[in-house]
Amino acid sequence: MTLTTWAGNLTYAAARVHEPRTVEQVQEVVAGARRVRALGTRHCFNTVADTSDDLVRLDGLDPAVEVDAAARTVTVSAGTRYGALARELHPQGWALHNLASLPHISVAGAVATATHGSGDRSRNLAAAVAGLDLVTADGSLRHLARGDADFPGAVVALGALGVVVRVTLDVEPAYDVAQEVHTDLPWDAVLEHLDDVTGSADSVSLFTDWTGPAVRQVWRKTRVAPGGAYEPRVDLFGARPAPGPLHPLPGIDPVNCTQQLGVPGPWHERLPHFRLEFTPSNGDELQSEYLVPRAHAVAAIEAMRGLGEVVAPLLQVAEVRTIAGDDLWLSTAEGGDRVGLHFTWLPRQAEVEAVLPRIEAALAPFGARPHWGKLFDAVGAPGSDPRDLYPRLDDFRALVARTDPDGTFRNAFVDRHVLGLG
Ligand SMILES: Cc1cc2nc3c(=O)[nH]c(=O)nc-3n(C[C@H](O)[C@H](O)[C@H](O)COP(=O)(O)OP(=O)(O)OC[C@H]3O[C@@H](n4cnc5c(N)ncnc54)[C@H](O)[C@@H]3O)c2cc1C
């Protein structure tokens, strides 16, 4: 079976694709494989999921969703999409702390790459993981829970420790969210009042092409008690409310976007930018993102504005978000709060790949970490040691060596970018 990434920019090289229906079948595939990788919903843009041998799709596993109200957790099958999970949780009165821009991605795939939404106080999606069950190299099942010594290394693991079959996530009481879009926020105001802008709602995204005197759109999502009212904000540091719904990409119908104009609604119908029933974003695109320590946010934004004329011809749009820090070893927000500088590119991969080293050179002084699931050139500046960016990288390498000595779950991406072997 030939499989491509969601964006269609990459055909997986795997010789075989398995679609197990049970955890036991996953165990059999792994026990019999020389090299094997798990596959989520294929929304990564690079070779992180690929392998030469066996790919295991998890979306055919029993999708049971089990809420433990006393523990405030939900346990789901690894291939479950966030959108499907939310539709089970919300009617039962529960919610997740945050969601990414799209609800289409699988829980295990998103968690494995440190996928995030936006919010000064919102950690990435992996930080909600309270436990996971994974099939290890010999085909046995291992349970890891928060508090276990290996746990902080095993959550954002890029599939390098095994095939996750079940994930337990923290939940909280359901809430509503009101989403508003403002247009033309002057860059001067952003740079002078960045903390006030990103702190003006629970989740804030700035959409720009890095050129011009103003940020094109500001998407703000504010929590509201269920059924509560919300008073939309008029002035936002000189930006004005959009008169109608907008898509973040210029010229695209907002029909596939979540409801705006400050009308409160269920958390899962406002936190993502895009609706589950529609293609998210454009569909014909590539993406990159760099996560920079919050302390360097203004300097990093100014560096990107300095490259505006270089990147704008290849851009559909860029997005600035904020992410609270966590302690997961390979998380892009490990060790402290981050600002995310995201790029939705035109589908011109060779040209995009040619410009990435320039972006990475401009952001290197700020300790930028590339998003594991999007296009990047290298982890850190040429010649630098990725352990400078990820202080727990040696611990992760030791964990891989101890739990997967034959390299069953390794691939070229992990060898090169994580294990320092390529
Ligand atoms: C339109 C679009 C919008 C996006 N928006 C955001 C965003 O808002 N924020 C953000 O941070 N990212 C975003 N992304 C990136 C995306 O969230 C990540 O690439 C995420 O990893 C995709 O999840 P997936 O299930 O498709 O993973 P896949 O691409 O299928 O796999 C990703 C990695 O996870 C591993 N994996 C998958 N399942 C398992 C498993 N069961 N056990 C072990 N390992 C597993 C794979 O081996 C691979 O290494 C976006 C991507 C697209 C296409």
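Predicted model: local features only at pLDDT ≥ 70, side-chain atom pairs only at ≥ 80, totals over all residues.
**Figure 1. Where domain 1 meets domain 2.** On the domain 1 side, twelve residues take part in the contact, and domain 2 brings 19 residues. Together the two domains bury about 1200 Å² between them, with carbon and sulfur atoms giving 71% of that area. How many salt bridges run between domain 1 and domain 2? The count is zero. Polar contacts do turn up, though: four residue pairs link domain 1 and domain 2 this way, with both residues of each pair at pLDDT 80 or more.

**Figure 2. The domain 1 face, piece by piece.** Let's stay with the side of domain 1 that touches domain 2. Helix H1 (23–31) and strand S2 (36–39) each put at least two residues into this side. H1 gives the most, with five residues. Sorted by class, this side of domain 1 has seven nonpolar, four polar and one charged residues.

**Figure 3. Lys 221, tucked into strand S13.** Look for Lys 221 in strand S13, which covers residues 214–224. Is Lys 221 buried or exposed? Its relative accessibility is 1%, so Lys 221 counts as buried. Leaving out residues up to four places away in sequence, Lys 221 touches several stretches of the chain: Val 177, Ala 178 and Gln 179, then Ala 201, Asp 202 and Ser 203, and also Arg 270, Leu 271, Pro 272 and His 273. One of these partners, His 273, is joined to Lys 221 by a side-chain polar contact of 3.0 Å. For a sense of scale, Val 67 is 154 residues away from Lys 221 in sequence, and the C-alpha atoms of the two are 26 Å apart in space.

**Figure 4. Glu 180 and Arg 220, a pair on the inside.** Here the side chains of Glu 180 and Arg 220 form a salt bridge, at 2.9 Å from N to O. Glu 180 belongs to strand S11 (residues 176–186) and Arg 220 to strand S13, so the pair links parts of the chain that are 40 residues apart. Glu 180 is buried, with a relative accessible area of 3%. Arg 220 is buried too, at 2%. As background, side chains of opposite charge can pair when their charged atoms come close.

**Figure 5. Asp 120 and Arg 294, a link between two loops.** This view shows one of the 26 salt bridges found in the whole structure. The side chains of Asp 120 and Arg 294 meet at 3.0 Å, N to O. Asp 120 lies in the loop between helix H3 (107–112) and strand S7 (129–135), while Arg 294 lies in the loop between strand S16 (286–293) and helix H7 (297–306), so this pair ties together parts 174 residues apart in sequence.

**Figure 6. A network of salt bridges.** Which residues does this network link? They are Glu 289, Glu 319, Arg 321 and Lys 374. Within the group, the side chains of Glu 319 and Arg 321 meet in a salt bridge of 3.6 Å, N to O. Both Glu 319 and Arg 321 are buried.

**Figure 7. Thr 208 in strand S12.** Thr 208 is part of strand S12 (residues 203–208). With a relative accessible area of 1%, Thr 208 is buried. The side chain of Thr 208 reaches the backbone nitrogen of Trp 210 at 2.7 Å. Setting aside neighbours within four places in sequence, Thr 208 is in contact with Trp 187, Arg 216, Leu 315, Val 317 and Ala 318.

**Figure 8. Val 255, out in a loop.** Val 255 sits in the loop between strand S14 (240–241) and strand S15 (265–266). At 41% relative accessibility, Val 255 counts as partly exposed. Apart from residues up to four places away in sequence, Val 255 touches Arg 275 and Phe 278. Val 317 is 62 residues from Val 255 along the chain, and 18 Å separate their C-alpha atoms.

Technical notes: Residues numbered from 1 in each chain as written. Heavy atoms only, no water. Contact = heavy atoms within 4.5 Å. Buried area = accessible area lost by both parts, 1.4 Å probe. Salt bridge = Lys/Arg side-chain N within 4 Å of Asp/Glu carboxyl O. Polar contact = N/O pair within 3.5 Å; in protein donor to acceptor, adjacent residues only side chain to side chain. Helix = DSSP H or I, 4+ residues; strand = E, 2+ residues; numbered from the N terminus. Nonpolar A, V, L, I, M, F, W, Y, C, P; charged D, E, K, R; others polar. Buried < 20%, exposed > 50% of the residue type's maximum accessible area, 1.4 Å probe, protein only.
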